[in-house]
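Have the viewer open as you read.

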Amino acid sequence: MRQALRHHLFWPVAALVALVAANTIAKPSFLAVTVTDGHLFGAPIDILRAAAPLLLIALGMTLVIATRGIDLSVGAVVAVSGAVALEYISASSDPGSPLTVLVAVGIALGLALVLGLWNGFLVTVLGIQPIIATLILMTAGRGVAMLITGGFITTVTSEPYKGLNSGFLLGIPTAVWIAVGLFVVVSVVVRRTALGMLLEATGINPAASRLAGVRSRTLTWTVYAACGLFAGLAGILVSADTMAADANNAGIFIELDAILAVVIGGTALSGGKFNLSGTFAGVLVIATLERTVTVLGISPHVTPLFMALVVVTVTLLQSPRVRERFAVAAIRRRPVSDGGRGAENGSAEDAAGAAGGAGEEAPEAEQAPVAGAEHASAPDDEKEVTR
Amino acid sequence: MTTQPVVELTGITVEFPPVTALAGVDFRLYPGEIHALMGENGAGKSTLIKALTGVYQTSSGTIAVDGTERRFTGPGDARAHGISTVYQEVNLCGNLTVAENIMLGAAEPRMLGGLHWPRMRRLAAQHLERMGLDIDPGSSLDSHSLAVQQLVAICRATVSDCKVLILDEPTSSLDADEVESLFAVMRRLRDSGVAILFVSHFLDQIYEVSDRMTVLRNGGLVGEWATAELAAGDLVKHMIGKSAQVLESVERGHDAARPGDGEPRLQAIGLGRKGSIQPYDLEVYPGEVVGLAGLLGSGRTELARLLTGADRSDSGTTLVEGTARKLHNPRAAMAHGIAYTSEDRKGEGIVDGLTVRENIVLAMQAERGWVRPLPRRQVDEIVAGYIDQLGIRPADPEALVRNLSGGNQQKVLLARWLATAPKLLVLDEPTRGIDVGAKAEIQKLVAELAAEGMSVVFISAELEEVLRLSHRIAVLRDRKVVATVGSEGTTTDHIVDLIARGDITEGDAA
């Protein structure tokens, strides 16, 4: 129990289960998935499909955050990428041709990559703080999208393009294939190669990493470029869903959702250790939460408040102090002599996660008691049990 | 000592599973004594202090203050009961005034819900006077030397009724005069009845100032002695648990193989950087240890950083085995077999959130690039090899480096660079702030590596150490290499002389 509680995936998964339970109580058929024409339908599939763009963006965001950075411009990149693709298709002579769509996607992704490289340039070469550097594109990007659409909301009809989001492959929506597929590929690449370790080293101690010969600048730049590219892909999924190039509203606030997903997943905003599986769970929590609002029929007036309450709860539960309380409470109930040993290292690590870096920056005197509690509670508890 | 101890710890055990940091340690501190807490890094000194002040929870044992059993919830609670701690790094606010630093949060005088500034300044001045410190309480703390800041920290610690003062390595960044003024303050406090717990790596300081000492080793209590009754040699034996033979063997290994002339492995010609170090010439031959001697700020570190590409030079050339090479960054230097460990172990050395394994393979992996990960089996072999060879404790590849003692972190860093099989190893203060045993091991390792043909540039603030290990010594003063001398027949006095008269003979030295 203690080990499970200390696992970084525990609270996001618990939140997910709770949300699903609430939905199932309100609507017993919530989890039902039906097969029509060989395609899967149902709330879980809808949630996954709706979560696809956020999943892509949170993926890039996790890697950027691991290097001590942040990318606020992803929402704007979503708008730019969708606008470019749709404008190209609408201007072409044959909007329905797969070739047109392919070129449109290519241009959009290329532009998104350039925007990501721009962010990386500002951060790594000019040394601008990531939050400021990406704030530039966050504002300017929407302007670029406006420029592309000429201030209009361009609606387009193109079956192949629409299919990128709502089409089906082996019964599962294309958007899910794209997002989950890329997420899995990147996760495997990051952990199978040395990329993950070198990114973490860069995030934890950039100076030491440089002296150790880590190409921190190149790595960081690459990660911003990838984040831009993934946001571009998300922009294509978003615009293929609405089939309208909306410079103002496409991907609005998605950067905040992505950061939230990363934090819920247990990666610290202060950089360093990251875990993509946590981010995946975080994205599912947010997507399910949005669905829950509809299922429970919560009034639109109180929707933001409701979402805030859930998010606050999950984030609090992820914080090191609260996690430690729960772990202590759990072991008092159940006598285990050293159940926590295996998890000790890992969890001390992840614990920094939801703290959002606040604790890490604290002066030593402030931080010491927390760190002490983290370690010392174990022997303390054992004593409790033996009495 | 028939009086009651002001602090009495009995059977204190602290565990960070699976590690036992302190095992059943007893400790007594009497009023009016300076008590030295001795032990190697990782012996449990800091843990004992943190257990006493409530930073760590004890899993067994009792803590009694003035005969009453207590369990503090943290340093603040301990301070409220008269136990104050001053750490190695000054934990004050440099942008505030001396008076504010002394009084705020402790006993600041209030008036109408605000602060009574004139009174605060007056009280602070009184406290400073009590310490024998003649500085303006209204001046900003930043404007004073580190030593004065340290004394201000002690002043702050003793403002409110202080029965016990814990000084954790207060002298590591002070020079001799500053240490003397610190000791004067300590003696004054002792004579007024304060019990002082003193931690230091400098044996001569311990013998100068302490009355009694408690020795810890590997988390256990070795014993308690009156300082006058324990000879320094015996103290070292108690601390490292074996006789000081290790230290002697290093000296014997010296000069076994004086490197031949041949071609220098690395040659710097007129290498310099404006505002950092004046152009210098230096060559290092295969199998040679070149020591750098000079005071703090003399340019030792700056020289090493130019040599290894950590900083970019703006004049001069570097020849690696006879060929001119541009070493613009550490990677370029690594490609030519040059490795550099920074003096700033925490800031530029270890990656504290990663494991011992990851830290050791970091440079090797960085050289290969992320696309070609080292096979896990090879990594495990390398890491196990170095843990064994260098005696890294705990011998757990998955332990977080942050939880290792200073000496062991240093060994992890050495392992990181040895794993890249460098031809030239530049070690900047590799033995600073680590204990006697680890220090001897690192010195021995350097001698062995040189004997096997590796070139080493060795930087240390301790002249004896530099002299003992090096074949040649470059002496620096005021950001300039003022002399290069062979170590044979040279004494520390001679080098001190060179450092001291550097400015007088500037004309002929250049």
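## A helix pair in chain B

Helix 13 (residues 356-368) and helix 14 (residues 376-390) of chain B have axes that come within 10 Å and cross at roughly 105°. Bear in mind that this is a predicted model. Angles from 65 to 115 degrees count as roughly perpendicular, so helix 13 of chain B and helix 14 of chain B fall into that group.

Who touches whom here? On the helix 13 side of chain B you'll find Val356(B), Arg357(B), Ile360(B) and Val361(B), and they meet Val379(B), Ile382(B), Val383(B) and Tyr386(B) of helix 14 of chain B. Sorted by class, this contact has seven nonpolar residues, no polar ones and one charged one.

## A helix pair in chain A

Now hop over to chain A, where helix 2 (residues 10-26) packs with helix 13 (residues 276-295) at an angle of about 20°, their axes 9 Å apart. Anything under 35 degrees counts as roughly parallel, so that's the label for helix 2 of chain A and helix 13 of chain A. The crossing of these two chain A helices is left-handed.

The contact brings in quite a list. From helix 2 of chain A come Pro12(A), Val13(A), Ala15(A), Leu16(A), Leu19(A), Val20(A), Ala22(A), Asn23(A) and Ala26(A); across from them in helix 13 of chain A sit Gly278(A), Ala281(A), Gly282(A), Leu284(A), Val285(A), Thr288(A), Leu289(A), Thr292(A) and Val295(A). By class, the contact between helix 2 and helix 13 of chain A has 13 nonpolar residues, five polar ones and no charged ones.

In soluble globular proteins, nonpolar side chains tend to be buried together. In this model, the largest nonpolar core has 183 residues, and Leu54(A) and Ile57(A) have the most contacts inside it. Helix 3 (residues 43-66) of chain A gives the most to this core, with 16 residues.

What does Ile57(A) contact, if you skip its neighbours within four places in sequence? The partners are Val74(A), Phe230(A), Ala231(A), Ala234(A), Ile254(A) and Ala258(A).

## A stop at Asp497(B)

Last up is Asp497(B), which is found in helix 18 (residues 492-500) of chain B. Is Asp497(B) buried, exposed or partly exposed? With 13 other C-beta atoms within 10 Å, Asp497(B) is partly exposed.

Asp497(B) and His328(B) are 169 residues apart along the chain, and their C-alpha atoms are separated by 35 Å.

How values were computed. Residues numbered from 1 in each chain as written. Chains lettered and ligands numbered in written order. Predicted model: local features only at pLDDT ≥ 70, side-chain atom pairs only at ≥ 80, totals over all residues. Axes fitted to C-alpha atoms, helices over the stretch in contact; angles between N-to-C directions. Helix = DSSP H or I, 4+ residues; strand = E, 2+ residues; numbered from the N terminus. Parallel < 35°, antiparallel > 145°, perpendicular 65-115°, else oblique. Left-handed = near helix turned anticlockwise from the far one by under 90°. Contact = placed C-beta atoms within 7 Å. Nonpolar A, V, L, I, M, F, W, Y, C, P; charged D, E, K, R; others polar. Core = buried A, V, L, I, M, F, W, Y, C linked by C-beta atoms within 7 Å. Buried ≥ 20, exposed ≤ 12 C-beta atoms within 10 Å, placed from the backbone.
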